[in-house]
Amino acid sequence: MKAIHAAQVKAEQITRPPRSRARISVVIPTLNEAANLPHVFERLPFEELFEIILVDGHSSDDTIEIARQLYPPIRVVLQDGKGKGNALACGFAAARGDIIVMLDADGSTDPREIPAYVDALFAGADFAKGSRFMDGGGSVDITPLRRQGNRFLNGTVNALFGTRYSDLCYGYNAFWSDVRPTLNVDCAGFEVETLINVRVAKAGLNVAEIPSVEHERIHGVSKLHPIRDGLRVLRTILKERFARRESQVAQVPNLRELDSRGRAVSPLDALNEQPLGLASAG
Ligand SMILES: Nc1nc2c(ncn2[C@@H]2O[C@H](COP(=O)(O)OP(=O)(O)OP(=O)(O)O)[C@@H](O)[C@H]2O)c(=O)[nH]1
Ligand SMILES: [Mg+2]
C-alpha cells in the first residue's frame, strides 16, 4: 500500500525540503483554555518552529489575549464552524509550513515531544501518529471507559482497514503538509483523529507510530463525551469503510484571522501585518 503514495509523490513532483529548511507549523485548537496556555507555551521548542496557529472556537475566557501575551507573533484564526474537527480543518488550511503538528491546548500533549514526531517524518514517514499504548507511551489522563472504548474502536479499524495501530483517538500527530488533500478533513467533532487515521491508511501513506505520554488536563473540563463521541467515531469508521461514494473534496474553510488589534481580517491581510516566521525559512 505504501507504494501508492510514493508513486503519487513522484507523479505530482512533490519535493520535501531538507531538515535545515523545513518550516514547521503548530496548530493548536482552543476552546476556553486560557489557564492552560502558560504551561503549554513554556514547553514549545520555539527555535524549531516556523509559526504557531491558535484556532479558537469563540472562547468566552481570555484564551486569545493570553496566547498573544505569551507569544506576540502567534497567528489567531477563528474557526468557521463548530467542534474540534472543524477547528483543525481551519488550522490546516491556514498553515504555511512544510510540516504541520497538531497539539492540544489543555496541557495533556507535551510540546517537548515535537522533535520526535519531526524525526519520524524525516526518516521517511508521511504521517507521524502519536500512540499512548505502545512501548514508551502512556496516559494518566484516560479514564477506564475511554480506554476500553478506544481499544474497541482501534481494533475495529485494524480489522476493517488492515492497519496495526495501537491507538486510534489521540490528538497528537504530525504530517507533511502535502498530505492535506488525503486527510480532507470534513467532520466537525472529536471523530477527527479517527477520520484522519483511517484516510491515511486508505491512501497507503507511510504511517509511523510515535510513543507519547498523555498528561492530565491541568485546568478546566473536557469537551468530550465518551458515549456520544464514541458513537460518532464508530459511525465515521463504518462510513469510511462501507459508504458507496467516496467523500467529496471538503469545502475550503471560510478563514478569518485576527490581526494584532483583534480585527477579523482575511489571512493574507493579517500576514502582511504580523512579524511572522520564527525559524528562518532559508
Ligand atoms: N477551536 C476549538 N477547539 C476545541 C473544540 N473542542 C475542543 N477543542 C480543543 O481541542 C483540544 C482537545 O479537547 P479536550 O476537551 O481536551 O478533549 P480531550 O483531550 O479528549 O479531553 P480531556 O480529557 O479533557 O483532555 C483542546 O485544546 C480543546 O480546547 C472546539 O469546538 N473548537
Ligand atoms: Mg485533552
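**Conventions.** I number residues from 1 along each chain as its sequence is written, and letter chains from A and number ligands from 1 in the order in which they are written. As the model is predicted, local features need pLDDT of at least 70 and side-chain atom pairs count only at pLDDT 80 or more, while totals for chains, interfaces and linings use all residues.

**Overall fold.** I looked up the secondary structure and found 10 helices and 11 strands in the protein chain (DSSP runs, H or I of at least four residues for helices, E of at least two for strands, numbered from the N terminus). The radius of gyration is 18 Å, close to the 19 Å of the globule rule for 282 residues, so the chain is as compact as a globular protein of that length (taken over C-alpha atoms; the rule is 2.2 Å times the number of residues to the power 0.38). I noted that 45% of the 282 residues count as buried (20 or more other C-beta atoms within 10 Å of a residue's own, placed from the backbone).

**Helix α5.** I listed the buried residues of α5 (residues 114-122) as I114, Y117, V118, A120 and L121. They sit on the same side of α5, because their arc around the axis is only 155 degrees (from the directions from the helix axis to the C-beta atoms). Just after α5, G124 has a positive phi of about 125 degrees.

**Ligand 1.** I checked its shell of 22 residues, of which P29, G57, A87, A105 and S222 come nearest (C-beta atom, placed from the backbone, within 6 Å). Helix α4 gives the most to this shell, with three residues.

Technical notes: Buried ≥ 20, exposed ≤ 12 C-beta atoms within 10 Å, placed from the backbone.
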